[in-house]
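Welcome to the tour! Keep your viewer open and follow along, one selection at a time.

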Amino acid sequence: MTKFKRVILVVVEGLGLGAAPDAAVFSDSGADTLGHLADHFRARLQLPTLQRLGLTALHPVAFTPPVVHEHSYYGRLRQMTSEKSAIEDYWELLGVVREQDAAAYPSGFSAAFVHQLERQFHRPVLVNAPYQPQHLLEDYGDVQVATGGLLVSTSGGSDMVVSAHEATVTGDEFTRLGRFIRHWFDEKGSSLLRQVTTRPFAGGPGRYYYRSVEQRIFYMRPPQPTVVDRVRAAHQPVRVIAGATVFSDLQMVLREDPATGLYLVPVHEIDRAGYQRDPEKSGQHLMEVDRHLAEVLPLVRTNDLLLITANHGNDPVFAGEGSTREWLPLLAYSPSLRGGRLADRSTLADIAATIQEVLGLADDQARGYGHSFRSLLL
């Protein structure tokens, strides 16, 4: 059995393979990202690299026969987490499943928290309630500009948004606000707040608008160490490769970096197009990923393990605006592998468990979440 020294984890966000067994619980019966992209594109959907890696053997689509590469194992994963949450999808993928439910805030936040926020930043909290974002600016934009106070709102779920005009609160102060609130709920609070968003707005009376590019999100920290934490604690390198040039950057480091440790490569574009419910853009991005993977495969060495998966589905023709609960791909490639079909797996945490075993951390798994499939890769 090959001893792998480096794991490259490519997360093609939003790439679902059809409704998961629990899709009905999330009102996602009939969701099928890849299948509906194939229906939309028909013969235009060309995925030769993913086809060779086994994707179309997992989900047969018209015009794309299931021809599998001899060095690839392929299977399906489903999510264990009980909620739709982008951050918790990644937690599960990295080996952590949250057992305690996040708190909901249907009426706003506690008087004790508001008092500490005002005391720390010497600004009045002008609103502390559930609010639609644009309605908040219509009702409180003028008074916020006049007073320099803070607008604290929520959707009623496990989220908080702190807004102020960019002329009254600087970017640095917004950062301090986010960190203070995150610390309050993580260290001092008695309940779990999933995310804090600091959201500046601009404009004048009657024409206020959010500066979405400038907003920042401060997520709840994982309740246990992730596989990334564990690899770092073992003094092995971890690299996160992301952004507009993700695949060219990945190719560069595969050529130049020492062949050890974990590379985490999130690919966002397909997911973004799914949220926009734009099947044309989603499919074009998927074909672009396929072309980039064709350039990556020759750089994968015999003691590298390339894993390709997704964090959730995001069917661009499905009703609604959110992600969709679907089966997700698990593709494992290395020139040293024989290849074949893997059985379906019941949690994304199996990815983390496998990474831990491959990198020699098998005795340090997080509370039993996930089961390694390393022994199946021959």
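Where is the place of Ser27? Select Ser27 and you will find this residue in the loop between E1 and H1. The names are simple: helices (H or I, at least four residues) and strands (E, at least two) are DSSP runs, numbered from the N terminus.

Before moving on, two notes about what you see. This is a predicted model, in which local features need pLDDT of at least 70, side-chain atom pairs count only at pLDDT 80 or more, and totals for chains, interfaces and linings use all residues. Residues are numbered from 1 along each chain as its sequence is written, and side-chain values use heavy atoms, with hydrogens and water left out.

**Stop 1: positive phi angles**

Stay with Ser27, whose phi is near 60°, a positive value in a residue other than glycine. Most residues other than glycine have a negative phi. Ser27 is exposed, with a relative accessible area of 60%. (Exposed means over 50% relative accessible area, buried under 20%, and partly exposed in between, using a 1.4 Å probe and protein chains only.)

Next, select His235 in the loop between helix H8 (227-233) and E9. His235 is not a glycine either, yet its phi is positive, at about 65°. His235 counts as exposed, at 76% relative accessibility.

**Stop 2: helix H1**

Now color residues 33-41, which form helix H1. Its buried residues are Thr33, Leu34, Gly35, Leu37, Ala38 and Phe41, and they pack against helix H3 (55-58) and H11. Just after H1, look for Arg42, which has a positive phi of about 55°.

**Stop 3: the sheet**

Show the strands next. Look for an open sheet of seven strands with mixed pairing, in the order E9-E10-E1-E11-E12-E2-E13. Strand E9 (238-240) and E13 are the edge strands, and each pairs on one side only. Two strands pair if DSSP finds at least two bridges between them.

Select E10 and check its neighbors. E1 and E10 pair in the parallel sense over seven bridges, and Val10 has Val265 in E10 as its bridge partner. E9 and E10 also pair in the parallel sense, over three bridges. For an antiparallel example, go to strand E2 (residues 72-77) and E12, which pair over six bridges.

Is E10 enclosed or open? Seven of the seven residues of E10 are buried, so this strand is largely enclosed by the rest of the structure. Gly261, Tyr263, Val265 and Val267 point one way, while Leu262, Leu264 and Pro266 point the other way.

**Stop 4: two helices side by side**

Select helix H9 (residues 246-256) and helix H11 (residues 279-296). Helix H9 spans residues 246-256, and helix H11 spans residues 279-296. Their axes come within 10 Å and cross at roughly 10°. (Axes are lines fitted to C-alpha atoms, for helices over the stretch in contact, and angles run from 0 to 180 degrees between N-to-C directions.) H9 and H11 are therefore roughly parallel to each other, a label for angles under 35 degrees.

Show the side chains of Phe247, Leu250, Gln251 and Leu254 in H9, which meet Val289, His292, Leu293, Glu295 and Val296 in H11. Contact here means heavy atoms within 4.5 Å.

**Stop 5: Ser334**

Finish at Ser334, in the loop between strand E12 (328-333) and strand E13 (340-341). Ser334 is buried, with a relative accessible area of 0%. Its side chain reaches the backbone oxygen of Thr302 at 3.3 Å.

How values were computed:
Polar contact = N/O pair within 3.5 Å; in protein donor to acceptor, adjacent residues only side chain to side chain. Parallel < 35°, antiparallel > 145°, perpendicular 65-115°, else oblique.
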